[in-house]
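Here are my notes on this chain, as numbered points. Have it open in your viewer while you read.

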Amino acid sequence: MTPSPTCFLWSASSFVSFTKPPNRMIDIKYLRENPDAVRTALAKKKFSCDLDTVLAFDTERRTKITEAEQAKSEQNSANKAMAQLPKGSPEFLEKVKEMKAVAARVKALEAEVRTVEERFQAAFLTIPNLPHTSVPEGKTEDDNQVFSTWGDLETKPAHAVPHWDIPWFDQLIDFERGVKAAGAGFPFYVGDMARLVRALIHLFLESARKNGYEEVLPPIVVNAASATATGQLPDKEGQMYYDPNEGLYLIPTAEVPVTNFYRDEILPAEALPICRCAYTPCFRREAGSWGSHVRGLNRLHQFDKVELVKWTDAESSFDELEKLRVDVEGILQALDLPYRVLLMCGGDIGFPHAKQYDLEVYAHGQGRWLEVSSCSNFTDFQARRAGIRYRGPDGKPVTAHTLNGSGLAIPRVLAAILENNLQADGTVRVPQVLQAFMGQETIGFTK
RNA sequence: GGAGAGAUGGCAGAGUGGUCGAAUGCGGCGGUCUUGAAAACCGUUAGGCCGAAAGGUCUCGAGGGUUCGAAUCCCUCUCUCUCCGCCA
């Protein structure tokens with residue numbers, strides 16, 4: 001077997017280290033040394049948090065740690081001396097009496113350190129990742145920049161309708177029977193539609209493979225530790241399906257298991273960047289976000305998606321983000337779907353993101369842009385939490401950078417295909433790239 | 001579901017109250033030797049935190065307890081493995 005050139009092979013046991021990293025978010029040392037730079041960056045994110053308090057807690061904590069460690073040091077050397085004394089001798093007993101007080105003091109100081117540490121952590125964890133300098137100013141989604149637009153937006157099909165109004169839609173994507181089997185938001189894809197979904201999955205995975213991403217087929221449930229590492233827990237617990245019997249969560253995206261592949265490991269620098277792709281079903285409870293405006297394929301509780309994940313060193317992650325975006329764009333181009341790329345503004349990118357692009361396809365029937373991918377660089381924010389590091393030039397561990405992007409989410413791509421490729425005879429033209437795989441040029445029924 | 005065993009460094013595997021962050025072996029790295037390599041031999045080889053550094057401190061699955069002192073004793077939890085049953 002010959003390894004592909006893009007795939008760095010090694011045995012899992014040859015380098016890993018499973019020690020626990022601190023559960024921190026941004027780099028406290030950076031904050032300490034550059035408080036003003038952090039303040040400026042956070043302002044761009046329209047995020048208010050009290051940096052002065054965090055810094056004060058940090059100082060308090062460090063002072064207390066030093067104090068406690070000094071006491072501990074005294075105790076340790078005294079204990080070492082005691083080991084030399086004959087047990088039960090008068091000197092020994094005298095020493096024991098003496099050391100009781102020291103032990104009590106150590107215990108008290110350790111408790112204080114714990115208190116101060118917790119206070120600091122609680123404040124520190126409220127600081128989001130810092131946006132990159134290239135991220136535009138802005139408060140809401142209205143301030144996102146249109147980075148680029150591709151494809152034909154002018155020639156709207158004369159008879160274009162929202163996909164749910166296509167006469168045969170309910171037969172090939174059966175929501176009603178999905179309700180019977182599972183519940184709202186869990187449709188059956190039937191016949192040619194099921195095959196079309198499979199064709200899309202195949203296209204997405206093959207496209208990723210050609211771009212150097214190694215395919216993995218991950219678990220679609222994860223434990224709490226994994227969900228915490230990628231940031232779903234504790235804040236977004238309500239968005240995941242949960243099995244309390246096993247303590248397992250159904251994944252909302254393949255990002256969760258795939259990123260956790262290297263959790264608490266130190267990677268060899270020469271392995272980076274590592275690029276992986278994974279197809280999985282994704283599950284989202286979307287509690288409270290269900291409205292009449294969400295119809296058809298626009299929002300589901302279960303959907304299929306191919307996810308792209310990268311681990312990089314600290315220097316190249318923003319370059320890799322651009323490559324990631326281009327890789328995803330290539331798929332939409334292959335499908336000949338018009339799309340635009342949004343460069344998300346500081347106020348609209350998520351808590352752990354340093355920079356984010358959203359890709360939206362245009363669905364002519366609804367006359368709307370539909371988000372089909374979000375490509376993000378988390379820099380070291382997620383990796384610090386997940387304990388993913390690599391060995392730097394000096395041999396010391398360095399926190400890695402992680403990135404991910406959908407490539408792509410199936411239902412909305414499918415919606416755009418149905419709406420944009422609807423033909424006069426009532427059938428939908430299968431995108432050229434999928435015709436060979438499907439063995440047919442159209443799906444659906446003629447009028 | 002029933003019964004049992006175990007969790008120590010990259011891996012294997014010692015260690016049952018103090019001199020143990022931890023023997024030994026393997027692997028990795030550096031060196032000697034060699035035309036080159038192998039072998040042999042010598043050295044080296046965890047991570048977190050505090051610190052400018054020197055250094056200090058913590059970590060032997062996780063959490064709590066006993067003790068002047070815990071990898072070692074006690075309690076709780078988690079996970080893994082083996083056998084039986086069941087199932088794909």
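1. Start with helix α10: its buried residues are S317, E320, L321, L324, R325, D327, V328, E329, I331 and L332. Buried here means under 20% relative accessible area, exposed means over 50%, and partly exposed is what falls in between (1.4 Å probe, protein chains only). Helices (H or I, at least four residues) and strands (E, at least two) are DSSP runs, numbered from the N terminus. As background, an α-helix has 3.6 residues a turn, so residues three or four places apart point the same way.

2. The expected span is 1.5 Å times one less than the number of residues. After α10 comes D336, with a positive phi near 60°.

3. A word on provenance. This is a predicted model, in which local features need pLDDT of at least 70 and side-chain atom pairs count only at pLDDT 80 or more, while totals for chains, interfaces and linings use all residues. Residues are numbered from 1 along each chain as its sequence is written, chains are lettered from A and ligands numbered from 1 in the order in which they are written, and side-chain values use heavy atoms, with hydrogens and water left out.

4. Now α3, which gets the same length check. Its 32 residues should span 46 Å at 1.5 Å a residue, and the end C-alpha atoms sit 46 Å apart, which agrees. The buried set in α3 is L51, V54, L55, D58, R61, K64, A68, A71, Q75, A78 and M82. What do these residues pack against? Their partners are α1 (28–33), α2 and α4 (90–124), with contact meaning heavy atoms within 4.5 Å.

5. K46 sits in the loop between α2 (35–44) and α3 (51–82). At 41% relative accessibility, K46 counts as partly exposed. Leaving aside neighbours within four places in sequence, K46 is in contact with E137, G138, K139 and G347. K46 and D348 are 302 residues apart along the chain, yet their C-alpha atoms are separated by 8.8 Å.

6. R295 is worth a look too, in the loop between β9 (274–283) and β10 (302–312). Its relative accessible area is 41%, so R295 is partly exposed. Which residues does R295 touch, not counting those up to four places away in sequence? The answer is H163 and W164.

7. Next, the backbone items I'd check by eye. Most residues other than glycine have a negative phi, and most peptide bonds are trans. A cis peptide bond joins L233 and P234, with omega about 5°; P234 lies in the loop between α8 (224–229) and β6 (242–243). Another cis bond joins G407 and L408, again with omega about 5°, and L408 belongs to strand β16 (residues 401–409).

8. Then the positive phi values. D264 has phi near 60° and lies in the loop between α9 (255–259) and β8 (265–267). With a relative accessible area of 10%, D264 is buried. T379 has a phi of about 45°, positive although it is not a glycine, in the loop between β13 (368–377) and α11 (381–386). T379 counts as buried, at 9% relative accessibility.

9. Finally, the whole chain. Chain A has 13 helices and 18 strands, and its C-alpha atoms fill a box of roughly 105 × 50 × 45 Å along the principal axes. Of the 447 residues, 49% are buried. Among contacts between residues at least 6 apart in sequence, 74% join residues at least 24 apart. The chain is divided into domain 1 (50–124) and domain 2 (141–443), with bounds from an automatic or database domain assignment. Taken over C-alpha atoms, the domain centres are 50 Å apart.
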